[in-house]
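Hi,

Here is the structure I promised to pass on. Have a look at it first, and my notes follow below.

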Amino acid sequence: MAAVETQEQSVRSGFWSRYSEMTREVRRGFVAEWTVTIILLLFATTTLVQAFVIPSASMESTLLVGDHVLVDKLVFAPSGPVSKHILPYREVRRGDIIVFRFPLNIQEDYVKRAIGVPGDRIRLVNKQLMLNGHLVNEPYAQHVTSYINSYRDNFPENREPSLPPSAADMLDNHVVDGELMVPPGFVFAMGDNRDDSLDSRYWGFVPRENIVGTPLIIYWSFEAPTADLTNPNIGIDHIVDVIAHFFTKTRWKRTFNLIRGYPLQ
């Protein structure tokens, strides 16, 4: 797949061209991820914590391409009649960063920020988020284009053509008085890199059962191209790059940084 889109590619003709040019939001299966996972198996199980790498720019500047993160898979797990009293389960909150199985292809994992939970009313006005009738401060969000895209930046108005059925259903059945209403059992999610993110605006709600967990910590951050991080095979060039430039391309200031959500009211 191609690398993450440039600013000028943000306005595209339809969903499927957008989808074909984007890549997974988080990836598993690389040497670093499996090394950490094996280590974790000595102390816990990957049903609790799992290693992922960020290959796209949709969550910049909160998460960068090449950030290797540990994801807490317990916090949003469904609670049982006994375990809910002894384990730290909780529901998704507005502002949480979530890892989830992509609704259009559950073999892929995405990372976004939960913007709306059941019952919330959402709209964008000239790139600014309006939540439940009032404008919301989003210090984590970045906008890399100066122009206004009628659908992207004034969602849910001026819907784009060629959206997939899940997004069309969202717009047909859950928009009231110009605001999107989040139904029970779903979450509305967007990337922090708001102008360059394939998110709920383009494919619809995230089913609650698709949510895997939340990133906890950046255990390693390495400057690598998206193509290396999305290669389904272990690329020899990437291995050589890591060995040769481990110290110079590692972002030491990001290593062991905690990842926190931002409460939205």
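L124 has L129 in strand 6 as its bridge partner. The two strands involved, strand 5 (residues 121–125) and strand 6 (residues 128–131), run antiparallel to each other and are joined by four bridges. Please keep in mind that this is a predicted model.

On to the aromatic residues. Searching the whole structure gives 16 aromatic pairs. One of them is F102 with Y110, a stacked pair with 4.3 Å from centre to centre and 5° between the planes. F102 is buried, because its relative accessible area of 0% falls under 20%. Y110 is buried as well, at 1%. There is also an aromatic cluster made up of Y151, F155, F186, F188, Y202 and F205. As for charges over rings, R113 lies over the face of Y140, 3.7 Å from the ring centre.

Finally, a word on confidence. The protein chain has a mean pLDDT of 85, and 77% of its residues reach 70 or more. Residues 1–16 have pLDDT below 50, and this stretch has 45 contacts in the model beyond near neighbours in sequence. Over residues 19–23 the pLDDT also stays under 50, and here the model has 19 contacts beyond four places in sequence.

Best wishes

Conventions. Residues numbered from 1 in each chain as written. Predicted model: local features only at pLDDT ≥ 70, side-chain atom pairs only at ≥ 80, totals over all residues. Heavy atoms only, no water. Phe/Tyr/Trp six-rings, centres within 6.5 Å; stacked < 30°, edge-to-face > 60°. Buried < 20%, exposed > 50% of the residue type's maximum accessible area, 1.4 Å probe, protein only. Lys NZ or Arg CZ within 6 Å of the ring centre and 35° of its normal. pLDDT = per-residue confidence, 0-100. Contact = heavy atoms within 4.5 Å. Pairing = 2+ DSSP bridges.
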